[in-house]
Amino acid sequence: MLKVEHLKKSFGGVVATADISAHFPKGSLTAVIGPNGAGKTTFFNLISGAIAPDAGRILLEGQDICGLPSSEIVQRGIGRAFQVSKLFKTLTVEESLRGALMSPLGKSTQLAGRFPLAQTRDRAYEVMEQLGLTKKANVVSGNLSHGDQKLLDVALALVLKPKVLLLDEPVAGMGPEEREQMIETVYGLWKQGGLTVVLIEHDMEIVFRISQNIYVLSYGSVLAQGTADDIRNNPAVIEAYLGTPQEVLV
């Protein structure tokens, strides 16, 4: 589904990603972990077209999407939710989702009059139902709780029916109840089938609980890759990221 080959990116003399290769099969749920500064967010920025790589290829269903504008990458099937939610703060939840649906059609100017295309309503409500936001349809996005803003950010990525969903720290800043709700939602979306999910996450309990596969980045390179058990017991990962064996979750 999504394959990254020998991806490299530097900013001046700082190497952000150094020859990263990774494969995310169709329908898989994969975590990307690593210490701060490991290159995780840069990795997502490269895949989503926010920045261009210096070298390497990014293949979506066998087609190289490197160099394409981020808007076209979205239309090709890659959706992304951010660590810090990027919302239309003055629009309601429903308006935000319908605006996201209209943008690829060149119809976003209709939002100025709050008269979005009628055919977008069903899809907006379908996604709100999936994420438990239906009762918040008429709430202005800027007035949502932190947890609901994160859910809306996921909804904005999901509404265009992506093939690959990138989630950058989906539970960042949440309390225990909100965290559990978000993880259950993400896991439920994946279990429905067909969606390839890649998430960056620092909470190892969550990573080990839901991930089929894990990539560990360190200093812009892949330090290790494998199942939760593989990563939990990898000496190099323990030393670089997880801590001493006594500290690693079992």
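Predicted model: local features only at pLDDT ≥ 70, side-chain atom pairs only at ≥ 80, totals over all residues.
Colleague: How are α4 and α5 oriented to each other?

Modeller: The axes of helix α4 (residues 120-131) and helix α5 (residues 146-158) come within 10 Å and cross at roughly 135°. Angles over 145 degrees would count as roughly antiparallel, and those from 65 to 115 as roughly perpendicular. The two helices are therefore oblique.

Colleague: What is the handedness of the crossing where α4 passes α5?

Modeller: The crossing is the one made at roughly 135° by the axes of α4 and α5. As α4 passes α5, the crossing is right-handed.

Colleague: Which residues of α5 meet α4, and how does the contact divide by residue type?

Modeller: From α4, the residues in the contact are Arg-123, Val-127, Gln-130 and Leu-131. They meet Leu-151, Val-154, Ala-155 and Leu-158 in α5. The residues of this contact divide into six nonpolar, one polar and one charged.

Colleague: Which strands are at the edges of the open sheet?

Modeller: The sheet has four strands in the order β2-β1-β4-β5, with antiparallel pairing. An edge strand here pairs on one side only. That applies to β2 (14-24) and β5 (63-64).

Colleague: What is the bridge partner of Leu-59 in β5?

Modeller: Strand β4 (residues 55-60) pairs with β5 in the antiparallel sense, over two bridges. For Leu-59, the bridge partner in β5 is Asp-64.

Colleague: Is Lys-161 buried or exposed?

Modeller: Lys-161 lies in the loop between α5 and β7 (164-168). Its phi is positive, about 55°, although Lys-161 is not a glycine. Most residues other than glycine have a negative phi. The relative accessibility of Lys-161 is 58%, and the cut-off is over 50%, so the residue counts as exposed.

Colleague: Is Glu-169 buried or exposed?

Modeller: Glu-169 is placed in the loop between β7 and α6 (176-191). Glu-169, a residue other than glycine, has a positive phi near 50°. With a relative accessibility of 12%, against a cut-off of under 20%, Glu-169 therefore counts as buried.

Key
Residues numbered from 1 in each chain as written. Heavy atoms only, no water. Axes fitted to C-alpha atoms, helices over the stretch in contact; angles between N-to-C directions. Parallel < 35°, antiparallel > 145°, perpendicular 65-115°, else oblique. Left-handed = near helix turned anticlockwise from the far one by under 90°. Contact = heavy atoms within 4.5 Å. Nonpolar A, V, L, I, M, F, W, Y, C, P; charged D, E, K, R; others polar. Pairing = 2+ DSSP bridges. Buried < 20%, exposed > 50% of the residue type's maximum accessible area, 1.4 Å probe, protein only.
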